[in-house]
Amino acid sequence: MKEERLYIVGYMASGKTTFGRALARRLGWDFIDLDEQIELEQGRSIPELMRSVGEPAFRAMESAALKKTSARRKVIVACGGGTPCFGGNMEFMTLHGHTLWLVASPEKMAERIELQAGSRPLAAGKSGPELLAFVKSHLLARQQYYCQAEWRLNSDSLETAEEIERTIDNFLDNRK
């Protein structure tokens with residue numbers, strides 16, 4: 001049933017995994033990080049896959065992994081930042097579950113990306129003002145997909161356990 005599946009979308013470092021994992025714990029649901037699932041299935045990291053097979057082949061793997069989630073119940077799926085932008089994936093998520101867009105400021109996401117240096121292939125080699133400009137322009141191109149989500153939630157404040165719990169409370173209170 002659609003009600004038993006939540007797909008979380010948003011730009012890289014918007015907090016999809018952090019929020020999704022905590023929300024799943026709170027609800028007693030399963031949690032899938034789509035990138036982690038792909039890495040397990042392929043035996044390589046996302047940066048390695050992007051380098052070795054290229055983005056089009058990676059996006060095909062991503063779509064296939066996403067489609068497998070429709071067989072699950074009571075599951076929260078944190079999607080990769082580009083997942084909704086390719087292969088009709090946003091339409092698939094809307095049809096098979098609820099969708100939530102985590103919205104963080106470009107400055108907050110750039111700050112988080114810098115802290116995770118090396119784990120974000122599309123932002124590799126960028127920092128400071130160059131990274132912020134990249135995030136802003138890339139985010140602008142992807143917003144047309146993210147804005148199709150059923151719900152939106154500000155995710156600037158996901159740095160501490162207390163902030164995460166408040167954000168979950170806000171989300172749950174506004175769904176009633």
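The model is predicted, so local features need pLDDT of at least 70 and side-chain atom pairs count only at pLDDT 80 or more, while totals for chains, interfaces and linings use all residues. Residues are numbered from 1 along each chain as its sequence is written, and side-chain values use heavy atoms, with hydrogens and water left out.

Select Val9, Tyr11 and Val135. Among the 33 residues of the largest nonpolar core, these touch the most other members. A nonpolar core is a set of buried Ala, Val, Leu, Ile, Met, Phe, Trp, Tyr and Cys residues joined through side-chain atoms within 4.5 Å; buried means under 20% relative accessible area (1.4 Å probe, protein chains only). Helix 7 gives the most to this core, namely five residues. Helices are DSSP runs (H or I, at least four residues), as are strands (E, at least two), numbered from the N terminus.

Next, display the surroundings of Val135. Beyond residues up to four places away in sequence, Val135 touches Tyr11, Pro106, Met109, Ala110 and Ile113, where contact means heavy atoms within 4.5 Å. Another core, of 15 residues, lies apart from the largest one and includes Leu6, Ala24, Leu158 and Phe171.

Now select helix 5, where Asn89, Met90, Phe92 and Met93 are buried. Viewed down the helix axis, the buried residues fall within an arc of 160°, so they line one face of helix 5; the arc is that of the directions from the axis to the C-beta atoms. Their cover includes strand 1, helix 4, strand 4 (98-103) and helix 7.

Finally, select Thr167 in helix 8 (residues 161-175). Is Thr167 buried or exposed? Thr167 is buried, because its relative accessible area is 9%.

Key: Buried means under 20% relative accessible area, exposed over 50%, partly exposed in between (1.4 Å probe, protein chains only).
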